[in-house]
Amino acid sequence: MWGRSASFLLDKRLRDQHPSLSSPSSSSPDSTMDPNPNPNHGVSAYYQTRAEHHAIVSSDWLAQAQAAVDREDDTALMERPHASAAVSLSASKPFSVIDEFNYWRKKPDLAEAVAAIMALAAVIRSCEATTMMELEIELKKASDTLKSWDTTSISLSAGCDLFMRYVTRTSAVEYEDFHAAKLRLIERGEKFGEISMKARRTIAMLGQDFVFDGCTILVHGFSRVVLEVLKLAASNRKLFRIFCTEGRPDKTGLRLSKELAALGVPVKLLIDSAVAYAMDEVDMVFVGADGVVESGGIINMMGTYQTALVAHSMNKPVYVAAESYKFARLYPLDQKDLEPALHPIDFGVPIPSGVEVETSARDYTPPQYLTLLFTDLGVLTPSVVSDELIQLYL
Amino acid sequence: MDMRRPPRTVSDPKVRQVGFVTPSGAPPTRSLSDAPTTVAAVASAASASSPPSGEISLPGSSLSPVMIPPPRHASSDGRPSAPVAVPNPASSLRRESLRIRVGSYNASEVVLGTPPSASPSSRTDNAASEFSEETMSPWHGRSGTAKVASSFPGSTSEMIVMKTGVGGGGGAGSTPKSPLTTASVVKTLPGISEKEREVLMGTQNDGAGVSKTLKEKTTKAERRAVQEAQRAAKAAAKEAGAGVKPSAASGSAVVANTKQGKIVKPPSQKKDGPQIAPPSGSSEKKVVDRPPEKDRKKDVPAPRMQFDDKHRVEKAKRRAVVNQFEAKNRVELFRHLPQYIHGTQLPDLEGKFFQLDPMHPSVYKVGLQYLSGQISGGNARCIAMLLAFREAIRDYSTPPEKALVRDLTAKISSYVSFLIECRPLSISMGNTIKFLKNRIAKLPDTMSESEAKYSLQSDIDRFINEKIVIADKVIIRHAVTKIRDGDVLLTYGLSSVVEMILVYAHEVGKQFRVVIVDSRPKLEGQVLLHRLVAKGLNCTYTHINAISYIMHEVTRVFLGAASVLSNGTVYSRVGTACVAMVANAFRVPVLICCEAYKFHERVQLDSICSNELGDPDVISKVSGRQDLNHLDNWADNENLQLLNLSYDATPSDYVSMIITDYGMLPPSSVPVIVREYRRENLWI
């Protein structure tokens, strides 16, 4: 049965290509050839960032910290660029988007898409192009580098696309003066940080209406937007309780429960496999999203799909909170159709030899299992996502 | 003939736009019985007397080209009479003169007999109204007028009347008046009561006046006054005909026509678009409602012929170039579809090749290729048609005293209706024709003929290139990203774009296997199988009976489509729905590959209301199995009906993704594409 599965072949091929993936412990730095080395082996950069933002002291975290020590030279490199960004015009060291991006994404509260846009804005600032065309070409190069640097991050590529779209639409025709146009673009890029914060607030305003007194909400994974919604609902004196899934392997549920408990919201923690058990009591499911794809489905932390399936089969609404810059022109047909984002799993015990571990960190939830999406564009049904994307990109 | 007609028209005129409808407001004096005879006589006379002139314009083509299997009827209806009765949409100048003439020739025409006198007025009225609102797309206007004619059961006689009217009324008509037709007109006269004639006389001037005021963009107050006058006139007319059974006898058409322009108008209007006004009130409504109606007309597809209406079909057949033999033992549920067997009349048509001067040889050739099934498949048919039109345009020269824009549109329309006779249009062809006609209509007046022809030809080239060739390339590029190594791809039938995808994916070195599912009677999959195997792909061939077995091992289903409708329904080769449904049940993603020019804003929920019927004989026989003779002579058995459908509708639930030149979309986004891009891209 499994033999005919294409995914098996795919996995096998993947393992053949990257022998290091199958053995997470051996992190051999093969970065000599790569000018922009992806510093994390076996861990998707996206999840690495998340881990740093939502840090929880756990065995995973300790392991990561250990890994971070190993990569110290890399991080040292990362600290530098911002300082250099300003001087890079004159400095001999070539400007690197990746470094810039890494600088931005270290900031807490800054979404990855925003970091990407900040990095691209920095590219504009430092670039020596004299025409709009040159600038565009340079930006295109930079965004391609960024995207290829971490192919697993959806919001990174969505952010790049979004900014590129903005640049091409704001072509020189509108602002004849090239410098004015350039300044405009930089300004726009920098504004994006604010926009992302504002988006979160908008979503919170929209989403909190759906929380009613006495309801029980199941939350899977840690999402800043979902937290914002719940915070606002709590501050509006709504009485509700939260079921938090544990969120293995990075235990994001623990972090969420900590934050909610601080707000005085009653929280119950569940292990991930207790979702179906608890679903009877649940009135609605709230999840965030790593990316919202063209079909209207979402890509999110592992376990979202099964949570949505259980909720769907018990006729409970599933609400997704996501900023519109997470909308990506992707269309996965099934789970294996995604660029796998890997995340090592700590099972606490040594894994028997010859046993494979599924390390993919996220899954795709098809639109038919989602009820509504709370976005800064409004509360949307999944099918509207494609509408918005078409208007944005075509 | 008319038993079912009056209630239908009266009860819901909106649905029944096809309109064999005379408003009950103008009931005829003539008895039912003499109508058919007159019609027949006239028809034969007309067909005998009207030579195929260069001016031939088939109103059938004027049906919105989008409809799939439309209007054999319309075309055929107008066909013999068209050369005579429907002069090509003339310039407004000419119309003006026509209208004026009506007034001036009143007296003499009255002497001649009422019908001729009034018909020009009604005609011009129609024309004026049509064109004033439809200047942008003349063929719509044409359709309007044409359908006026066709809408009356006795349309032929009506048309003759027009002819005499035009011919007698100053020689502006392009064809000479024939004695035969006059005779037939006279024949119809006795049926008209004196009373009516009086009314007619009284109101005729009104009619002319209305059209005039209409032209001049009246103020509101003026229009109101006109309406009042009309209402009064109408009331009078109603009274006049009150005693008569309100049937839509053929005579009524003539009478109505002759009587007042206004009364004729309602049916024409109704046909043009959705008019909510009841037949009785429509004449005034029409004047008021002009601008909104114009908009609405654009939205609403033209009526489609219902082939279960015997009389329309009769007429259609009489006028058709292609001799169509009716299939026996029709399936009740599908009686409204054209019921013809293709292919049998091929030799006959081939013989006619040199006789049909109005048809351009390349168009004729393409028509025959459709008929024989040599060209099939949405893209192939579309390209063949466009190339034929291109040649026709290249060889075209505007006849003296004609405008290129209008005459060429009429010409294209006549070609289209010929092609429809050969095989009902596909949606893609409809969209293409719409594009072409729009290009013609938008030609600037200042352009010289050669320039215009050149620009049209390059438009056609560009359409083929951008909307089909390049679109396919884009689709292929998108689709290949969804093929992974180790995949098992299933396809059904023969789709050109799916074939290209598979070949390209193989060329770029993807490792996959193909399952080709096929079905009787066309067995198109064998063609695909042959081509793919020749290219070195690993293929499995099976029939649709084995679909549930083979689906276990499939990882992707790639299907082509004849059209994608705006509710996400995929309209495609019959059997596609079955494949998609099974794939959905097995949780295998179904990818539909379809160029965006095939999208259509229509919504269809089933495969019944619009479809194409194939030859029932081909499903009754199995080649190579002489022993399977149970269905020999099946046509003799009244209780046996064979159904050979050509298309079916796949609900959007079974479709995971639609791959178009605009990218990969969920089926729910089809209306977005239609809305955002149809107008600007297709109509440029």
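Where in chain B is the place of B:Glu401? The place of B:Glu401 is the loop between α20 (378-394) and α21 of chain B, where helices (H or I, at least four residues) and strands (E, at least two) are DSSP runs numbered from the N terminus.

1. Basis of the note. This is a predicted model, in which local features need pLDDT of at least 70, side-chain atom pairs count only at pLDDT 80 or more, and totals for chains, interfaces and linings use all residues. Residues are numbered from 1 along each chain as its sequence is written, chains are lettered from A and ligands numbered from 1 in the order in which they are written, and side-chain values use heavy atoms, with hydrogens and water left out.

2. B:Glu401. The phi angle of B:Glu401 is near 65°, a positive value in a residue other than glycine. Most residues other than glycine have a negative phi, and most peptide bonds are trans. B:Glu401 counts as exposed, at 85% relative accessibility. The terms for accessibility are these: buried is under 20% relative accessible area, exposed is over 50%, and partly exposed is in between (1.4 Å probe, protein chains only).

3. The two chains. Chain A has 16 helices and 10 strands, and 51% of its 394 residues count as buried. In chain B there are 29 helices and 13 strands, and buried residues make up 62% of its 684 residues. A contact means heavy atoms within 4.5 Å. Of the contacts in chain A between residues at least 6 apart in sequence, 75% join residues at least 24 apart. For chain B, residues 24 or more positions apart account for 80% of the contacts with a separation of 6 or more.

4. The loop between β2 and α13 of chain A. A:Arg248 and A:Pro249 are joined by a cis peptide bond, with omega about 0°. A:Pro249 is in the loop between β2 (240-245) and α13 (252-263) of chain A. A:Lys251 also has its place in the loop between β2 and α13, and its phi is near 55°, a positive value in a residue other than glycine.

5. A cis bond in chain B. The peptide bond from B:Arg520 to B:Pro521 is cis, with omega near 0°. B:Pro521 is placed in the loop between β4 (512-518) and α25 (525-534) of chain B.

6. Aromatic pairs. Rings of Phe, Tyr and Trp (its six-membered ring) pair if their centres lie within 6.5 Å; planes under 30 degrees apart count as stacked, over 60 as edge-to-face and the rest as tilted. By this rule there are 11 aromatic pairs over all chains. B:Tyr364 and B:Phe418 are stacked, because their ring centres are 5.1 Å apart and their planes are at 15°. The pair links distant parts of the chain: B:Tyr364 is in helix α19 (residues 361-372) of chain B and B:Phe418 in helix α21 (residues 404-422) of chain B, 54 residues apart. B:Tyr364 is buried at 1% relative accessible area, and B:Phe418 is buried at 0%.

7. A pair between strands. B:Tyr571 and B:Tyr647 are also a stacked pair, 5.0 Å centre to centre with 20° between the planes. B:Tyr571 lies in strand β8 (residues 570-573) of chain B and B:Tyr647 in strand β11 (residues 647-650) of chain B, so the pair ties together parts that are 76 residues apart in sequence. Both count as buried, B:Tyr571 at 2% and B:Tyr647 at 7%.

8. Charges over rings. A charge sits over a ring if NZ of Lys or CZ of Arg is within 6 Å of the ring centre and within 35 degrees of the ring normal. B:Arg573 lies over the face of B:Tyr647, at 5.9 Å from the ring centre. The charged end of B:Arg381 sits over the ring of B:Tyr370, 5.3 Å from its centre.

9. α19(B) against α21(B). The contacts between these helices include B:Tyr364 and B:Tyr370 on the α19(B) side, and B:Phe418 and B:Leu419 on the α21(B) side.

10. A:Val320. This residue is in strand β7 (residues 318-321) of chain A and is buried, with a relative accessible area of 0%. Leaving aside neighbours within four places in sequence, A:Val320 is in contact with residues including A:Val287, A:Ile298, A:Leu370 and A:Phe374. A:Phe374 also belongs to a cluster in which ring pairs link A:Phe210, A:Phe286, A:Tyr319 and A:Phe374.
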